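I opened this entry to record what I looked up, item by item. I began with charge pairs and then went on to the fold.

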Amino acid sequence: MVFRTTVLGLLLVGAAGCSSSVISGPIEFVHTFDGPSETSVWVATGEAIDEGLLCPSATGLLDALEDENGNVRTPEELDELRRGSTAFVSVAVEDMVCDDSSGNFALRITSQIDPDSAGGVDSTTWSIVGGAEYGGITGSGDTGSLQVQGGTTVLTGAGTMTTG
């Protein structure tokens, strides 16, 4: 009886040790978006990448432009807002596919846009939600810089990825 109790106790402790735990790590990335083709390249480094929370590079395609409530905006609506004088929120949603074929994720870039301010963009944040292969992974943070040249936008970001 003592042997069975000890074995059962070891099995329960082992099973508790196998439960999913929260893993979190910092991430930094560079995201280059080509407006005319609506495609992007994403390259990331940091502990979150080293721990395998997300792939180090991905290519993407613009899926939608939305407002802050998730309503889809047409390019024409966005152009009209930019010509106006009222600040607004624009969310670019991209479907990113990992270059190493390990999975996909959704990248959301949220910008506070003020047509009357210099440069037109007041602030930008980002968030990531994992696809099927990266289920349970989320990430968010701020952008360091946003540079627009012609039809290309280069965005740097930093934040934290979490899974569990």
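**Entry 1: salt bridges.** I counted a salt bridge where a side-chain nitrogen of Lys or Arg lies within 4 Å of a carboxyl oxygen of Asp or Glu. The model is a predicted one. I found 2 salt bridges in the structure.

I took Arg108 and Glu66 to start with. Their side chains form a salt bridge at 3.1 Å, N to O. I then checked where the partners sit. Arg108 belongs to strand β5 (residues 104–113) and Glu66 to strand β3 (residues 57–66). They are 42 residues apart, and the pair links distant parts of the chain.

Are these two side chains buried or exposed? I looked up each. Arg108 counts as partly exposed because its relative accessibility is 27%. Glu66 is at 11%, so Glu66 counts as buried. The cut-off I used for buried is under 20%.

I went on to Asp79 and Arg82. Their side chains also meet in a salt bridge, here at 3.5 Å, N to O. How many residues separate Asp79 and Arg82 in helix α3? They are 3 residues apart in helix α3 (residues 75–83), so about one helical turn separates them. Asp79 is partly exposed, with a relative accessible area of 36%. Arg82 is partly exposed too, at 45%.

**Entry 2: overall layout.** I listed the secondary structure next. The protein chain has 3 helices and 8 strands. Along the sequence I read the pattern α-β-β-α-β-α-β-β-β-β-β.

How are the strands arranged? I found a closed barrel of 8 strands, in the order β1-β2-β3-β4-β5-β6-β7-β8, with antiparallel pairing. From one strand to the next, the twist averages 30°.

**Entry 3: strand β1 and its partners.** I followed β1 on both sides. Strand β1 (residues 23–34) pairs with strand β8 (residues 152–163) in the antiparallel sense, over 12 bridges. I picked out two positions along this pairing. Ile27 stands opposite Gly159 in β8. Asp34 has Thr152 in β8 as its bridge partner.

I then turned to β2. Strands β1 and β2 run antiparallel and are joined by 7 bridges. Phe29 faces Ala44 of β2 across this pairing. A reminder to myself: strands of a sheet pair through backbone hydrogen bonds, either parallel or antiparallel.

**Entry 4: positive phi in loops.** I checked residues other than glycine for a positive phi. Glu38 has one, near 60°. Where does Glu38 lie? I placed Glu38 in the loop between β1 and β2. The hairpin of these strands has 4 residues between them. Glu38 is partly exposed because its relative accessible area is 36%.

Ser101 sits in the loop between β4 (88–98) and β5. At 69% relative accessibility, Ser101 counts as exposed.

Entry 5: I looked up the totals for the chain. Of the 164 residues in the protein chain, 32% are buried.

**Entry 6: confidence.** I left this check to the end. The protein chain averages a pLDDT of 82, and 85% of the residues score at least 70. Which elements have the lowest and the highest confidence? Confidence is lowest in helix α1 (residues 2–17), with a mean of 34. It is highest in strand β2 (residues 39–45), at 95. Over residues 1–20 the pLDDT is below 50. Beyond near neighbours in sequence, that stretch has 0 contacts in the model.

I noted the general rule beside this: where pLDDT is low, the predicted coordinates should not be read in detail.

Definitions and conventions
Residues numbered from 1 in each chain as written. Predicted model: local features only at pLDDT ≥ 70, side-chain atom pairs only at ≥ 80, totals over all residues. Heavy atoms only, no water. Helix = DSSP H or I, 4+ residues; strand = E, 2+ residues; numbered from the N terminus. Buried < 20%, exposed > 50% of the residue type's maximum accessible area, 1.4 Å probe, protein only. Pairing = 2+ DSSP bridges. Axes fitted to C-alpha atoms, helices over the stretch in contact; angles between N-to-C directions. pLDDT = per-residue confidence, 0-100. Contact = heavy atoms within 4.5 Å.
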